[in-house]
Amino acid sequence: MIDAPDYTAQERGNHSTWVWLLAALVGIALSVVAGMMSYGYTTAQAEQRFADVVDYVATQSLSYDAFNSAYTTKNLIRVMEIAGEVARDMERDGSVDNAALEQYADQFNVSALIVTDASGNLVS
């Protein structure tokens, strides 16, 4: 018998190498596509969370502003009522000295009272 070279085994080896190379390239391509899709999905989720946080902060800010305005209005009304009571007490007592103003300030829980005349000049 004559030993002839086995070309079919070599051809099979070459085809096997190409199949493995093609499978590796397809695997790499699929991994890249999956990574890009995952990155896009994660980015979209982060954007949505950020938008939700911004909306929440805006809502809280608006409600705080409304609360703050109501609180300020109540305090101004309270100060006006105190000023009216002090003016009535000062008319009744007929005194405008600093000791009386300090007593009124303590009585009505305010930090200071300033008395001016009709033109806005400081009296006491």
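Predicted model: local features only at pLDDT ≥ 70, side-chain atom pairs only at ≥ 80, totals over all residues.
Residues are numbered from 1 along each chain as its sequence is written, and side-chain values use heavy atoms, with hydrogens and water left out. The protein chain has 2 helices and 0 strands, these being DSSP runs numbered from the N terminus (helices H or I, at least four residues; strands E, at least two).

**Overall burial and surface**
- Of the 124 residues in the protein chain, 9% are buried, where buried means under 20% relative accessible area, exposed over 50% and partly exposed in between (1.4 Å probe, protein chains only).
- The protein chain exposes about 10,600 Å², of which carbon and sulfur atoms supply 63%, with areas from the Shrake-Rupley method and a 1.4 Å probe.

**Helix H2**
- Helix H2, spanning residues 98-107, has Ala100, Leu101, Tyr104 and Ala105 buried.
- Seen down the axis of H2, these buried residues fall within an arc of 140°, so they line one face of the helix; the arc is that of the directions from the helix axis to the C-beta atoms.
- The face turned away from that buried side carries the exposed residues Ala99, Glu102, Gln103 and Asp106.
- Just after H2, Asn109 takes a positive phi of about 55°.

**Nonpolar core**
- The largest nonpolar core has 8 residues, namely Ile82, Val86, Met90, Ala100, Leu101, Tyr104, Phe108 and Val115; such a core is a set of buried Ala, Val, Leu, Ile, Met, Phe, Trp, Tyr and Cys residues joined through side-chain atoms within 4.5 Å.
- Helices H1 (7-93) and H2 are the elements that give two or more residues to this core.

**Residue Leu21**
- Leu21 is found in helix H1 and is partly exposed, with a relative accessible area of 44%.
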